[in-house]
Amino acid sequence: MSNVVIVGAQWGDEGKGKIVDLFTSWADVVVRFQGGANAGHTLVVGGVKTVLHLVPSGVLHTGKKCFIGNGVVVDPEALMEEIETLKSRGLLSDPHQLVVSENAHVILPYHKRIDAGREKQKAIGTTGRGIGPCYEDKVARRGIRVRDLLKPESLRERLSARLSEANAQIKALGGEKVELEPLLVQALKLGKRMEPYVGDASEKLAHEIERGRAVLFEGAQGTLLDIDHGTYPYVTSSNTVAGNAAVGAGIGPTAINSVIGITKAYTTRVGNGPLPTELNDATGERLRSVGAEFGATTGRPRRCGWLDALVLRYAARVNGLSGLALTKLDVLTGLDDISVAVAYKLKSGKTVSEFPSDPDLLTDAEPIYEQLPGWKEPLGDLREYAELPDNARRYVERVEQLVGVETIAVSVGADRAQTIVRKNPFRHV
């Protein structure tokens, strides 16, 4: 069996949760390797909607092992709320199904207050969930890890040392300081509740791989939100690209066999930052309405635009994509013509066919479009690629040509079953 990484190939919200949930039927283990509760994966199975923020999407499958890797920043309160919700639905009844890395850093109330205060002063478009400040503490070697929540005396010392500086930041941002004793009590209670799930995720995952178990690595956000490779500074605080799957899970890169990029049939992003193909017109509003383009975590309306081939070629390069999964093809049904950006005309007058490394060039970049004919036939009941309308297949195949990567799955509706699978990624190494 092979081990597969799934990443977002745009600015996040591409439908990774649904594809991960679908592909989990062929995997034995699902691993979340970066990000935090700012990510929301929406899954619809049998008409029942589930939104997951930290627990890997594979939890909806009985008997599949789920890991939260060391590269994730864990909000203990959000995690336990999610676990309790799943348990109330008869899921995650066995605590051994989920392993939370003891080396993962935790988000605490002061991280959220710093995050919210900064966002008021300088709008980047963060969710205010404390993700950035937690990653900052990690890099500055002053963070609190999951393992620390199980050590009362050590935790008191660490929190006491961190709070003086954190509260100074909060005060400067106009927020209310965090008191040590209530925080300590809350953190220890959460640690006790988390304890059945906590372990050495790296070691346990390595054993699963040694046993020949098929592993699916689940990324959060998207390539263009990567801290190094995204449209900086309008990015998240972690590496979202496939290379981080090994680091964030605690395994070697040779354990990874293939990388699947998830892309919508059009483009969206939440928050501020460049979006060259954005449509501020009736078509953009139609995509938002028909596609239900509102953030799973925040409810914020997503900005919508035509598919951008430059973005996808860039994602293919920095992730090493071996396949694409195209989601929400059904949303384009009913349009007379569909556009795809194939180049940009920059402010200087220069035309480029590759995504610029300087994000400042994107602000005034004018997309050059190729038009493709649309289709009127509904897609939701189709389960074979050959059943798609001719123009829908032409669209999929033109995307493949422009990106240079084959499409192995096409989503034609929100439900798990509404997916046309052209290739099982675990059977092709």
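Predicted model: local features only at pLDDT ≥ 70, side-chain atom pairs only at ≥ 80, totals over all residues.
Local features here need pLDDT of at least 70 and side-chain atom pairs count only at pLDDT 80 or more, while totals for chains, interfaces and linings use all residues. Residues are numbered from 1 along each chain as its sequence is written, and side-chain values use heavy atoms, with hydrogens and water left out.

**View 1. Helix α9 and its buried face.** Helix α9 spans residues 282–290; helices (H or I, at least four residues) and strands (E, at least two) are DSSP runs, numbered from the N terminus. Look for Gly284, Leu287 and Arg288, which are buried (under 20% relative accessible area, with exposed over 50% and partly exposed in between; 1.4 Å probe, protein chains only). Seen down the axis of α9, the buried residues fall within an arc of 95°, so they line one face of the helix; the arc is that of the directions from the helix axis to the C-beta atoms. On the face turned away from the buried side, you will find exposed Ala282 and Ser289. The buried residues of α9 pack against β13 (303–305), where contact means heavy atoms within 4.5 Å.

**View 2. Helices α10 and α11.** The axes of α10 (residues 309–319) and α11 (residues 390–403) come within 9 Å and cross at roughly 55°. Axes are lines fitted to C-alpha atoms, for helices over the stretch in contact, and angles run from 0 to 180 degrees between N-to-C directions. The two helices α10 and α11 are therefore oblique to each other (under 35 degrees is roughly parallel, over 145 roughly antiparallel, 65 to 115 roughly perpendicular and the rest oblique). Ala309, Leu312, Arg313 and Ala316 of α10 meet Val399, Leu402 and Val403 of α11.

**View 3. Helices α2 and α6.** Here α2 (residues 76–88) and α6 (residues 180–194) have axes that come within 10 Å and cross at roughly 40°, which makes α2 oblique to α6. On the α2 side, the contact includes Pro76, Leu79 and Met80, and on the α6 side Gln186, Leu190 and Met194 are among the partners.

**View 4. Helices α5 and α6.** Helix α5 (residues 152–172) packs with α6 at an angle of about 135°, with their axes 10 Å apart. This pair, α5 and α6, is therefore oblique too. Among the residues that meet are Leu155, Leu159 and Leu163 in α5, and Leu180, Leu184 and Leu188 in α6.
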